[in-house]
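Please keep the sequence and the model in view while reading.

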Protein chains: 2
Amino acid sequence: MQSIQSYINDNKDRFLNELIELLKIPSISADSAYKGDVLKTAEVIKISLENAGCDHVEICKTDGYPIVYGEKIIDKNLPTVLVYGHYDVQPPDPLDLWNSPPFEPVIQKTELHPEGAIFARGACDDKGQMYMHVKALEYMTSNNELPCNVKFMIEGEEEVGSANLGIFVANNREKLANDVILISDTGMIAKDVPSITTGLRGLSYVEVEVTGPNRDLHSGLYGGAVANPINVLTKMIASLHDENNHITIPGFYDKVENLSDAERAEMAKAPFSLEAYKKSLDIDAVYGEEGYTTNERNSIRPTLDVNGIWGGYIGEGAKTVIASQAFAKISMRLVPHQDWEEITELFKTHFESIAPKGVTVKVKPHHGGQGYVTPIDSVGYKAASKAYEQTFGKTPIPQRSGGSIPIVSLFEKELKSKTILMGFGLDSDAIHSPNEHFGVWNYLKGIETIPWFYKYFTELKK
Amino acid sequence: MQSIQSYINDNKDRFLNELIELLKIPSISADSAYKGDVLKTAEVIKISLENAGCDHVEICKTDGYPIVYGEKIIDKNLPTVLVYGHYDVQPPDPLDLWNSPPFEPVIQKTELHPEGAIFARGACDDKGQMYMHVKALEYMTSNNELPCNVKFMIEGEEEVGSANLGIFVANNREKLANDVILISDTGMIAKDVPSITTGLRGLSYVEVEVTGPNRDLHSGLYGGAVANPINVLTKMIASLHDENNHITIPGFYDKVENLSDAERAEMAKAPFSLEAYKKSLDIDAVYGEEGYTTNERNSIRPTLDVNGIWGGYIGEGAKTVIASQAFAKISMRLVPHQDWEEITELFKTHFESIAPKGVTVKVKPHHGGQGYVTPIDSVGYKAASKAYEQTFGKTPIPQRSGGSIPIVSLFEKELKSKTILMGFGLDSDAIHSPNEHFGVWNYLKGIETIPWFYKYFTELKK
């Protein structure tokens with residue numbers, strides 16, 4: 001396998017250009033205006049899997065966006081790796097904060113990426129990271145280096161809750177049968193600190209609606225005399241945290257796993273500079289649940305964040321109106337053992353119960369998923385660890401992530417196999433934000449590292 | 001003056017059609033996209049004042065939208081009435097709640113308006129009510145019934161705070177000299193319960209901005225570890241009222257006039273059905289400051305309402321983002337003796353002081369104005385009362401309104417004259433809301449009543 005580096009050197013420009021073409025398609029699954037683009041992206045993925053050496057590729061219909069399935073089976077007696085990724089992206093707004101248009105990719109140097117980074121929506125999450133696997137496969141097939149079977153399952157609804165993937169997986173257990181699932185949709189601690197994500201938070205995402213009077217009212221004639229849905233909504237949301245930033249929903253913490261002091265001490269060893277963290281975000285202080293560190297707050301503790309709020313007059317100037325309705329999108333990140341459907345129900349019951357008279361409240365669950373913790377003594381973890389050692393010269397650190405990939409716990413339930421999360425992005429890559437980017441170095445390092453995982457996994461499985 | 005009713009009968013269709021043409025122009029002062037329409041409306045007002053018999057009409061430039069000034073001076077020894085109104089309108093959104101387009105006026109019957117009502121933005125506030133005065137003048141001049149001098153001052157920035165009217169008035173005291181100011185920009189209790197507004201609330205309107213991290217963040221990777229500007233904003237706004245719906249800004253109530261039990265008992269005599277009020281708004285309960293009735297809450301007590309709030313992802317579907325910024329528009333209705341500039345300063349100081357670490361807060365004052373109370377023993381009030389008796393057959397009830405016409409207290413200060421608020425709209429006319437309308441009966445009744453005011457005011461002044 002010595003030739004992977006030289007293969008990358010010879011094909012580097014093409015690898016970048018192919019990804020750039022993929023990033024030009026605005027495959028925003030949350031917005032139905034982009035339906036055609038999302039479907040077109042699935043076609044592009046199909047062709048690239050065929051070109052990379054898959055024997056059989058198909059676009060599998062679902063009730064939502066299709067799933068692209070591809071496979072190369074070289075020997076039924078050899079292990080099988082199932083690669084999961086997604087071809088849809090987050091909405092790009094607020095557009096005015098992008099330095100270049102989100103679907104016109106550009107490569108620019110940054111302090112952390114002196115070799116350049118690709119700026120575009122989806123560059124890191126997840127088109128760039130998913131496409132590393134396609135190019136790693138191309139290398140292995142074209143150099144006769146594929147040591148085992150491989151299957152790809154690339155979906156188009158990850159950013160909107162993967163509602164149809166679960167059904168697809170449950171209905172295709174045999175087709176998707178595998179020995180390990182490999183996903184690159186997370187990050188690593190730093191370019192010189194490789195890490196493997198061993199825990200993910202679960203997610204419950206809801207939308208709430210507060211309705212007061214049957215029409216917008218003049219705030220002078222009615223102000224003070226009727227419940228103002230926006231005032232009420234702020235009061236209801238504010239009450240969801242107490243003065244220690246503990247979430248107040250009854251039963252919310254009942255199943256939360258409390259880590260031992262030893263485990264917390266182990267976590268605290270991960271390199272982290274609070275000053276650098278604050279500086280990178282331009283904030284004068286961090287903020288969160290009393291009694292926990294920043295790294296604990298965003299990994300082993302559940303949270304409740306408002307992701308969007310709106311109501312009343314939000315245009316230029318002033319309008320003296322009492323809105324008839326106010327809305328918010330609220331998500332809760334959950335930790336292992338919290339069941340997302342149970343938490344969604346607890347939220348709904350509680351939120352409706354705290355509505356004052358004079359308004360009606362609706363809670364609409366959007367989507368959710370369970371948290372996940374993977375053991376570090378599995379064959380998959382060991383193979384990944386050896387792969388990083390090979391290309392980074394360092395043993396990767398196991399790391400809990402605050403993010404969610406709801407489908408991971410479903411994979412374990414339906415397919416009975418462990419997922420290995422080999423992420424090559426950085427926290428500073430601004431995924432879900434304006435100016436999302438992915439380092440050229442990281443992209444190529446991912447392509448270089450993945451074939452080693454196949455090699456070691458096949459060897460360790462023997 | 002017996003002929004006013006027959007003059008209205010003869011000219012009714014023209015009176016309606018002229019108003020409808022005026023309502024077709026979207027003179028939205030809050031939105032600079034409509035600048036041309038606002039300016040065009042001033043031209044139309046100028047021509048209609050000339051046609052109604054003014055000797056001299058001019059469009060007076062300001063730093064914002066112009067003021068249309070018109071006058072008919074018949075004898076310098078006779079009293080002078082100054083009519084004030086505004087030709088700008090509120091933004092029409094939310095557009096999807098209108099049953100017909102806001103700038104395509106239609107006349108339709110309603111339960112309260114069996115003679116039909118004109119549905120359009122500005123129908124009541126204030127184009128319709130202002131135009132009653134133009135048509136009343138036309139009647140008086142064309143029938144040789146004008147008993148005194150008259151001046152018109154019609155502005156185009158009332159809905160955005162009248163910032164330039166104050167300057168204009170201060171610079172033109174002599175030109176605007178008068179014995180009484182007459183305004184129709186308020187309502188009456190019911191079609192069979194005429195009333196004269198004797199009190200208005202003041203207003204302080206601010207916009208607040210909460211900034212956290214320097215960019216939108218992924219709510220999984222950062223959730224729980226940094227201050228979420230939307231969560232913080234909801235907490236800050238919620239804290240502005242206590243559990244009794246008392247406003248918590250230190251010093252806010254210091255200058256509030258507390259009415260005597262006798263005065264409150266007098267107020268309580270005004271006809272009011274809480275059941276009908278709740279039914280008309282489709283609410284199961286009213287909501288407001290403990291210890292006060294609905295009519296007190298929206299007239300003699302100050303309030304704090306959020307008029308608009310926004311931040312984060314507000315599109316279709318879900319986005320797991322922590323927004324960098326969150327915003328709200330907040331207005332406070334004030335009662336006599338509360339100084340709006342002082343209250344704005346108290347708000348700003350308090351709101352900035354309650355910001356937690358991890359965010360920065362900006363408060364931007366939009367505009368404001370003082371409250372006003374007018375005595376019921378003035379010549380102007382008596383003349384208005386007699387005019388209503390003449391056309392309604394009933395003595396009007398003096399009434400405090402919850403709305404604000406900030407300029408009224410400025411008129412008193414600069415021009416040393418009292419303002420009489422003869423409103424012909426109904427609370428149910430949905431001003432500032434979708435489906436704003438103005439009853440045809442009310443419009444014509446206003447035109448009929450106004451000339452009697454001129455007659456009695458001139459007689460009583462002798």
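1. Basis of the model. This is a predicted model, in which local features need pLDDT of at least 70, side-chain atom pairs count only at pLDDT 80 or more, and totals for chains, interfaces and linings use all residues. Residues are numbered from 1 along each chain as its sequence is written, chains are lettered from A and ligands numbered from 1 in the order in which they are written, and side-chain values use heavy atoms, with hydrogens and water left out.

2. Domains of chain A. The domain assignment gives domain 1 of chain A as 3-200 + 372-461 and domain 2 as 202-256 + 302-369. Such bounds come from an automatic or database domain assignment. The C-alpha centres of the two domains of chain A lie 35 Å apart.

3. Where the domains touch. In chain A, 10 residues of domain 1 are in contact with seven residues of domain 2; contact means heavy atoms within 4.5 Å. The area buried between these domains is about 590 Å², and carbon and sulfur atoms give 56% of it. Buried area is the accessible area (1.4 Å probe) that two parts lose on being put together, summed over both. On the side of domain 1, A:Gly161, A:Ser404 and A:Pro406 lose the most area to domain 2, together 52% of what that side buries. By class, the side of domain 1 that touches domain 2 has five nonpolar, four polar and one charged residues. Here Ala, Val, Leu, Ile, Met, Phe, Trp, Tyr, Cys and Pro count as nonpolar, Asp, Glu, Lys and Arg as charged, and the others, Gly among them, as polar.

4. A salt bridge is a side-chain nitrogen of Lys or Arg within 4 Å of a carboxyl oxygen of Asp or Glu.

5. The interface of chains A and B. How many residues of chain A are in contact with chain B? The count is 93 residues of chain A, in contact with 93 residues of chain B. The area buried between the chains is about 7,800 Å², of which carbon and sulfur atoms give 52%. In chain A, the residues that lose the most area to chain B are A:Leu221, A:Tyr287 and A:Lys319, together 9% of what that side buries. The count between chain A and chain B is zero salt bridges.

6. Strand β11 (residues 303-312) of chain A gives the most to the side of chain A that touches chain B, with 10 residues. Helices (H or I, at least four residues) and strands (E, at least two) are DSSP runs, numbered from the N terminus. By class, that side of chain A has 37 nonpolar, 35 polar and 21 charged residues. Five bridges join β11(A) to strand β11 (residues 303-312) of chain B, and the two run antiparallel; two strands pair if DSSP finds at least two bridges between them. A:Trp310 stands opposite B:Trp310 in β11(B).

7. Salt bridges. The structure holds 44 salt bridges over all chains. In one of them, A:Glu207 pairs with A:Lys329, the closest N and O atoms being 3.0 Å apart. This pair links distant parts of the chain, with A:Glu207 in strand β9 (residues 202-211) of chain A and A:Lys329 in strand β13 (residues 325-334) of chain A, 122 residues apart.

8. Backbone points to check. Most residues other than glycine have a negative phi, and most peptide bonds are trans. The peptide bond from A:Asp93 to A:Pro94 is cis, with omega near 5°, and A:Pro94 is in the loop between β3 (80-86) and β4 (106-108) of chain A. A cis peptide bond also joins A:Asp125 and A:Asp126, with omega about 5°.
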